[in-house]
Amino acid sequence: MNATDLLALLPLLLIAATSVMVMLAIAIRRSHALAAGLTVLGLCAASVSLFAAAVWAPRDVTPLLRIDLNALFYTGLILAGSIVVVFLCYGYFDSQENNHPEELYVLLAIAALGSATLVSASHFASFFLGLEILSVSLYGLIAYERELKASVEAGLKYLVLAAASASFLLFGMALAYFELGTMDFRNIPAAAAAPGVAPGLTAVGATLIIVGVGFKLALVPFHMWTPDVYEGAPAPVTAFVATVSKGAMFALLLRYFSQSGVRDSGPVLLVFSIIAVASMFAGNLLALFQNNVKRILAYSSIAHLGYLIVAFEAGGGMAGSAVAFYLVAYFGTMLGAFGVVTVLSTPGNDLGDLASYRGLFWRRPVIASVFTVMLLSLAGIPVTAGFIGKFYVIAAGASVLLWVPVFTLVITSAIGLFYYLRIIVALYSHVEVPVPSFLLGRQASPSLTWTLGALTTVVIAIGCYPSPVLHLIKAMIAGTG
Amino acid sequence: MILAWLIIVLLVAGVLAAVAARLSSVLTRWISLAATVLDFALTVFLWVRHAGQITLTGSNPWLEQIDWIWIPEFGIHFHLALDGLSLLLLALTFFLGVVSILASWTEITESVGFFHLNVLWILAGITGVFLAVDLFLFYFAWELMLVPMYFLIALWGHERRIYAAIKFFLFTQLSGLLMLVAILALYFLHHQNTGTYTFEYGELLNTPLSSTAALWIMLGFFVAFAVKLPLFPFHTWLPDAHTEAPTAGSVILAGLLLKTGAYGMIRFAVPLFPGAAREFAPVAMVLGAIGIIYGAVMAFGQTDMKRLVAYTSVSHLGFVVLGVFSWNELALQGAVMTMLCHGISTGGLFILTGAIQERIHTRELGRMSGLWATAPRLSGAGLYFALASLGLPALGDFIGEFLVLLGTYRTHPVLAIVGSIGVLTATFYALLLVQRAFHGPNTHAWAIPDLLPREGVVIALMAGSLLWLGLNPQPVLRTFSPVLHALETVVQMHR
């Protein structure tokens, strides 16, 4: 390892340093603003260092990590998402005294580190390492409000299921290693083509890996934890789980399956098709029966990951760019949607019940308008980023004639429209509902207002003029080769 | 550039109107009115400017266009173009825009700013649809109309507004997504055959396609347009949406949104896939003929005045489908003429219904009767538009339906006969409407104010233009005929 390696690794190092720094700062002086400020500062520094690292990309830093433009792009996305979550957390926890929210930022930085490791991984070892760093910090984050039953329950549920899925993943990796004798993604195609390799065992290994990945992405049939965890976790943490953790995993999925060539085998493709169709149907249909906004968004995110799988299946540069763009749109939109929930909630009192959103437009027009934009973006209506994203995914699917997933996407997203409209109808209904007591006389903190404003601007700007993002993604794909 | 201004004016005025509502709702109304009047004036200006050169040459079929690169990664352009057909539909759009803002002057009292924002943005979306010649942009505008329309119905509608709004949104959105898939399929097939990625209408026109592919892709477009039109059996959203919408919503729905479906068929579905369209024509025309009769019969059975008028739209738009899929010059001219006149005559009926509802707070025909005694001007106007709707000679609708039947008779005489029966049945429902609402004794002892000057002006404008279209249709025919002729040539070439 030399100086250049360290430079290429700078973003990861800075994220790691952030967590240590915040921890030390807390030891010296407990201050919510200081902890949040340091975290934002560290993550911003890491974002800036991406440009320094890009100079040296692509570069293999040890056999475990490959810092290329693809990894840097997703690291940037993760950092942006994490910074937004920090702002959301600050606004959310600031209202309460004696809750010691400072350690949350340590966990958040570690989770970001795990995600960034995942997207740079090119080896089973770093894959697992990144995954565990992410998972372990998420247990703490989800159960952060340790005095609340729902939060602890959600954390425990996540812990048990994540541990189980990790063991599936490990077993899959072990099988693949047993048969192929390599753990490096890029050596897998050559090893698989060697004479004497039993394709059955590698396929079983790949399937078990899909199980492990599918759990993190909450794809059907590994989605059971999602609604409960989304509902129980504090709103800003839910935003993190829904975006950063899933986005990192998806980037890894894309890299692993395209580099190892496993995606191109018929059975694996079929498995993905089934998972995609099942996720789109289950996510959108089950969301219809929910009366809690956080649960609706949970099922919606299941469906959205199903859409992403459709793009993923297209293969080649089209898949890479469609997935990247969709994730950008999805990050902005989901963070915005949970941001709205965050604004309307206080620790321990997350505003979930759909009934309490009735008539929000007439009480808080700006917040309700932001929520409308986010919901329309999730539904894929023009002028929002979600529209271009959905367009791109359908284009990716249509370009390789994946008609069954594409038509499933079309039909299920029309179903999905129904529950987005349900929320919108509630927002604009003229019914007077009593304002929840914890919201009385409470103004949204400036950190939340500005974050939501920025997210709305981004979602609409990308929806109207996506070229800069598309350009960036094109450069990323070209640079990754 | 003037084409972009048409849209920008509406978008900006929408925001301004919403902001101005904090000061005064009257200001909001005046801003909205000014924007639509300005756009109407611009359209008339364009019409006058190009009056002499409406005949088109082959190389550049557009009177006016702007072409900006929008998303180069996909070959998407912000390409707006105007020809005689879109010019007239734009004139109709802004005319009905002015009318619907005037019609809701006193009807809408709640959240006036947001209401006008929605109205103006729907108009902007419709303008985009009539001008877009990049298929992506077309789809973009197509979807853009939906959200504000949804709000218009869901927020300011009548009793069952939520149900109607959601039904409307789901129908149009699902069919729109099918169109998106069709557009993308065409996009990739075009790339496969020619090596360029483009959504440009002019280039996609000449895409060589296998007949199966063409049929499937055409069906994708057809379904989207048929739902909007609405063609039987895709019409079930229409009676609900029209009935529950506020007056401005109903006028825009019936007068403009339905026309975007018909426009799509004329501009895209048939010319892009001439072979497939010809194969499919019998099915579409039979559905159209069924729609004519079905709409008329259903209208006859309604007791809700607004619902009655809504069903007549199904009937009238059936004529448009007949005309479009006959695809000869006479029938096409008739179809476009019907589109224009139906927009005005049905809009007039909706405004009168709205005016009556505002006065007596019901739309039930059974609760009216004898309104002539107390509101003669209003009732007279009702009779006038009902007569227009049944196709009385000297009024515009007659010209349209007559030309459609004439053109259809050349290719499909049986369907033309069915269509004529439809004209006959129109007499029943139109006269029934007049009979039950305006004639007879004033049994409920209504004493209501007659048309106010503001309403009178609106109604007079609409009545006047119908009369003008009926007596002197030549200028209008001359404006869109060359376009239809050119489209017909394109189609003939590729058959």
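Biologist: Why are H4(A) and H11(A) called roughly antiparallel to each other?

Modeller: Helix H4 (residues 69–93) and helix H11 (residues 235–259) of chain A pack at an angle of about 175°. Angles run from 0 to 180 degrees between N-to-C directions, with axes fitted to C-alpha atoms, for helices over the stretch in contact. Under 35 degrees counts as roughly parallel, over 145 as roughly antiparallel, 65 to 115 as roughly perpendicular and the rest as oblique. H4(A) and H11(A) are therefore roughly antiparallel. Their axes are 9 Å apart.

Mind you, this is a predicted model, where local features need pLDDT of at least 70 and side-chain atom pairs count only at pLDDT 80 or more, while totals for chains, interfaces and linings use all residues. Residues are numbered from 1 along each chain as its sequence is written, and chains are lettered from A and ligands numbered from 1 in the order in which they are written.

Biologist: Which residues of H4(A) and H11(A) meet?

Modeller: Among them are A:Tyr74 and A:Leu77 in H4(A), and A:Ala239 and A:Phe240 in H11(A). Contact means C-beta atoms, placed from the backbone, within 7 Å. By class, there are 14 nonpolar, 5 polar and 1 charged residues. Here Ala, Val, Leu, Ile, Met, Phe, Trp, Tyr, Cys and Pro are nonpolar, Asp, Glu, Lys and Arg are charged, and the others, Gly among them, are polar.

Biologist: Over to chain B: why is H10(B) called largely enclosed?

Modeller: A residue is buried with 20 or more other C-beta atoms within 10 Å of its own, exposed with 12 or fewer, and partly exposed in between. In H10 (residues 237–244), 8 of the 8 residues are buried, so the helix is largely enclosed by the rest of the structure. B:Trp237 and B:His242 are among them. The cover includes helices H6, H7, H11 and H13 of chain B.

Biologist: What are these helices, by definition?

Modeller: They're DSSP runs of H or I, at least four residues, while strands are E runs of at least two, numbered from the N terminus. Chain B has 20 helices and 2 strands.

Biologist: How confident is the predictor about chain B?

Modeller: pLDDT, its confidence in each residue, runs from 0 to 100. Chain B averages 86, and 98% of the residues score at least 70.

Notes. Contact = placed C-beta atoms within 7 Å.
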